[in-house]
Structure formats: structure tokens, C-alpha cells
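Thanks for coming. Please look at the model first.

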Amino acid sequence: MKQLTKKIATISVAALLAAGMAAVAAGDNGTETSASGTASSGSSTTNSSSASETSASDSSSGGAADVTIDYSGLSGEITVYMPSPAGLASKLCAGFEELTGVTVNLWTGTTGEITAKLTAEESNPQADVVILASWSDGLSLKSEGKLMSYQSPYAEYMHDGCVDDGYTLYGTSASAVGVIYNTNIYSAEEIESLDWSDYADSKFKDDISIPDPTKSGACKDFISGFVTAIDTDYSIIDSWAANGLTNGGGNSPALESVKSGEKGILIAGVDYNAYSAIASGEDIAIYYPESGTVINPRPAMIMNTAPHVDNAKAFMDYLMSDDAQQLVADAYLIPGRADVDCNSARLGFDDIKQYEVDWDKMMAVADTAASYVVTKTAGNI
């Protein structure tokens, strides 16, 4: 993967429009559908997608050329819980349906909504495969003994850190957070030399926002990584709060406030949402502060209580297939497989400076740190 000498990036409107990639909208509201588009609850967010893998087997090219998956003999259904972007979730499920004939019951929501749904269903488990936008939340499910181990043939082709040592979590996609700003309010020269702590400056008073880390898995992982690696006494977060930091809600409404100009700056905004919005012509930009950030693999997991184990294992394999990983790249996410390139409009896994993080420490403080941010921003508007 291409290495950049400077670990900072601004994505311009012109560059993304030139890439010609269609935006994939992010969804925040829980929605249950089949991949063919029939809503089970809420409103349908399904978009049909035709996968090129139409045979009963998958033989991949490139680094995973030796992997062959036999999907023949599968039938019945599978229930999948998946976070935004909802358009990507629907396309992945539609591709699996086309390949296997298995009916996918899809429910989409934020990481917080998905984990709440799992808790509510503990006496009557429904999910076969769960995907979250927070690796630390996935590790929590593992620590509670709720996940099944499955060693996929694709495991060895994943990025370092995208498969846990028990083969229970697979980061089939990943994202990072950066600073997203409205280019009609601030210029690149004003913003892009700043580090995270600089947003305590009075010139940003009441103009900074952050996604709610109890809803956004990416923000939750960032906050837990930030306070265990950098801001160990929460003083930087405290300085943001004192400067008027507001809780922007889920990723989608938090970004919308910057797109509209209601807020000029979104701290710890998820990157794939920004790239998609820029490709649609929105007057925003994103950069990663020089000191680093957290790349969070988005874990796909088979539940120990999965009613349809064979279908669940096949779905996990499909998520790491060539076609599925290309859909991930098209959605401006980072593919989990190391041999699959990112969308050319964004930086890749090895191009973003990352904190030295300890996921076990992050898991231990994640809920507390997320709640701290919510408490500190309460009352700020």
C-alpha cells in the first residue's frame, strides 16, 4: 500500500468529484429489512445491488488467490445486524443473497442501538452475525463469552489488528476519525496545522461539536484511545467542553450540523461520512491531526447463539471476498483485507498516523470515557 511521507491529509471537493465515486449515505435510525427490500420494522433503507460473484463458489484474485469458498448447498435465512452506512449494508446483504439464495434479514442502526438490541433480546436471541463500528464493543462481547470462533480462509490476508487471536472478531472494514470543518467558515490555512488540543482556543468558542460516543462506535473508540494514550487526565476533553463543545448526536446529524454551517467544526468526525459528503459537493473538508488518531476496525462477529451457523460462517467469508471488499472501498471505508486498495480519494490503513493503543485498556474505559464526554457537554448548545 502506498506510503505517504506526511501523515496529514485534506480531501478537497475537486479531488473527490474527480474520483467519480457515488456517495453512500450514512444511516442512524434502526431499520430492519430483508436484503430484497422488504421492511420488517421502521422504514426500508435497502438498495439493490448486483454482485459479480454469481456462481456457487468464490475464487479470489490477488493476494487471496488461493482462497476458494464453496457456497453451494446453503438455504434458509440469516439475521444480520449492521451499522451505517446503510447503503453499504444493503448492498452486502443483497450480494450474499444473489450468491447463495439465502434470505438475509437485515437490521441497521448505530453501534449503540445494536448493542442495546442485543441486550433486549438476550432471552430470545435473534442475530446470527453482528457488525459494530467499535472494536472495543466487540471485545466486550467476546469477554462476555457471546461470540463464536471461526477461522476463515481469509484471516491471513487481513490487516494487522483486524483479526483477534481467537478468530472471533474480523475487522472487515475500518474507519478513522479526523477534524471535519465547513470550508465556507474556515480555510485550510486556519485549520490544518492544528492538533486536537488547539480546539480549546477561544476563537472556536461555541463552534465545535463531537459525535455522541455512546451512539457512534468510531467516536467511542477514538475517545477511549485518546484518554488511554494521550489525554490521561481528561484535561483536553475538559478544555473542549469549557470552550462550548456540543454533543452532535449520531454521526449523521453531527456531520449535518457542519454541512449546514450550524457548527464550523466537528471534532472526531468519522471519515467515510466526510468523504461521501465531499463527493456529493458539500463544502466541507477533513484532515487528521499530526499527532495521530485511532483507526477502528469494524468487527463482524458470529454470535454464540446464532440460529443459522452454516449461513453465518458463509456470510463472514463473503464479507471478506473480493466483491464485498470492493463495496467497502466504494463506501469510502478502509477494506479489512490488506491486499485490497482503498478508494483513491482517501488515505489508507498504513497512511494514517495512529496512536499506540492498547485495546484491552480501551475496552476497560470505553463506556466510562464515552459517558464522561456526554456529561461534560450537557448544557452546551
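I start with a salt bridge, meaning a side-chain nitrogen of Lys or Arg within 4 Å of a carboxyl oxygen of Asp or Glu. Lys376 forms one with Asp238, and their closest N and O atoms are 3.6 Å apart. Lys376 sits in helix H12 and Asp238 in helix H7 (residues 235-242), so the pair ties together parts that are 138 residues apart in sequence. Helices here are DSSP runs of H or I with at least four residues, strands are runs of E with at least two, and both are numbered from the N terminus.

Before going on: this is a predicted model, where local features need pLDDT of at least 70 and side-chain atom pairs count only at pLDDT 80 or more, while totals for chains, interfaces and linings use all residues. Residues are numbered from 1 along each chain as its sequence is written, and side-chain values use heavy atoms, with hydrogens and water left out.

How many salt bridges are there by this rule? The count comes to 12. Another of them joins Asp164 and Lys142, at 2.6 Å from N to O. Asp164 is in the loop between strand S8 (147-148) and S9, Lys142 is in helix H4, and the two are 22 residues apart.

Are these two residues buried or partly exposed? Buried means under 20% relative accessible area, exposed over 50%, and partly exposed in between, using a 1.4 Å probe and protein chains only. Asp164 is at 8%, so Asp164 counts as buried. Lys142, at 29%, counts as partly exposed.

Now a case with no partner. Asp212 lies in the loop between strand S10 (208-210) and helix H6 (217-229). Asp212 is buried yet has no salt bridge; the nearest side chain of opposite charge, Lys215, is 4.5 Å away. For charge, Lys and Arg count as positive, Asp and Glu as negative, and His and the chain ends are not counted. Leaving aside neighbours within four places in sequence, Asp212 is in contact (heavy atoms within 4.5 Å) with Asn247, Gly249 and Val374.

Finally, the protein as a whole. The protein has 12 helices and 15 strands. Of its 381 residues, 57% count as buried. Among contacts with a separation of 6 or more, 78% are between residues 24 or more positions apart.

That is all from me; questions are welcome.
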